[in-house]
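Colleague: I'd like to learn how to read a few packing features in a model. Could you walk me through some?

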Amino acid sequence: MSSLQEKLGARIQEIRKSKNITQEKFAEAVRLNIPNMSNLERGKKFVTAKTLEKIIDVLGVTERELFDFRHVKTKEELLVLINEILSNADEKDIRYYYRMMSLYKER
């Protein structure tokens, strides 16, 4: 994920979902139609400053929180990072990670 547009869309979606707000309710509150909101969250469209202010208000976050992309990674980037962690782990830790992932998958 490289462009600001893509990162911002992913971050908006992440925060929206963490607050259990449906895309439909969010689009309504921000006064965007659902296709435009979908395009925004997928990084296909960018927002105006006015819409950005509405998004910040509806999500209840600061500008700094909204533009904090340090943890926003693509699946490929995450797999590389996970592989690095596993390659440097001892057998005990690898078994622990496996158990945790297995438990999570069963949910």
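Predicted model: local features only at pLDDT ≥ 70, side-chain atom pairs only at ≥ 80, totals over all residues.

Colleague: How do the axes of α2 and α3 cross, and at what angle?

Modeller: Two packed helices are described by the angle between their axes and the distance between the axes. Here the axes of α2 and α3 come within 9 Å, crossing at roughly 105°. Angles from 65 to 115 degrees count as roughly perpendicular, so α2 and α3 are roughly perpendicular to each other. On the α2 side, the contact is made by Gln-23, Glu-24, Phe-26, Ala-27 and Val-30; α3 contributes Ile-34, Met-37, Ser-38 and Glu-41. By type, the residues of this contact divide into five nonpolar, two polar and two charged.

Colleague: Which residues of the largest nonpolar core touch the most other members?

Modeller: In soluble globular proteins, nonpolar side chains tend to be buried together. In this case the largest nonpolar core has 19 residues, and Leu-8, Ile-12, Phe-26, Ile-55, Leu-59 and Leu-66 touch the most other members. Helices α1 (4-18), α2 (23-30), α3 (34-41) and α4 (49-59) each supply at least two residues of this core. Leaving aside residues up to four places away in sequence, Leu-8 touches Phe-46, Val-47, Leu-52, Leu-66, Phe-67 and Phe-69.

Colleague: How many aromatic pairs does a search of the whole structure find?

Modeller: A pair of aromatic rings is described by the distance of the centres and the angle of the planes. The search finds two aromatic pairs. One of them, Phe-67 with Phe-69, is edge-to-face, at 5.9 Å centre to centre and 70° between the planes.

Colleague: Is Phe-69 buried or exposed?

Modeller: Phe-69 is buried, at a relative accessible area of 16%, whereas Phe-67 is partly exposed, at 32%.

Note on methods:
Residues numbered from 1 in each chain as written. Heavy atoms only, no water. Phe/Tyr/Trp six-rings, centres within 6.5 Å; stacked < 30°, edge-to-face > 60°. Buried < 20%, exposed > 50% of the residue type's maximum accessible area, 1.4 Å probe, protein only. Core = buried A, V, L, I, M, F, W, Y, C linked by side-chain atoms within 4.5 Å. Helix = DSSP H or I, 4+ residues; strand = E, 2+ residues; numbered from the N terminus. Contact = heavy atoms within 4.5 Å. Axes fitted to C-alpha atoms, helices over the stretch in contact; angles between N-to-C directions. Parallel < 35°, antiparallel > 145°, perpendicular 65-115°, else oblique. Nonpolar A, V, L, I, M, F, W, Y, C, P; charged D, E, K, R; others polar.
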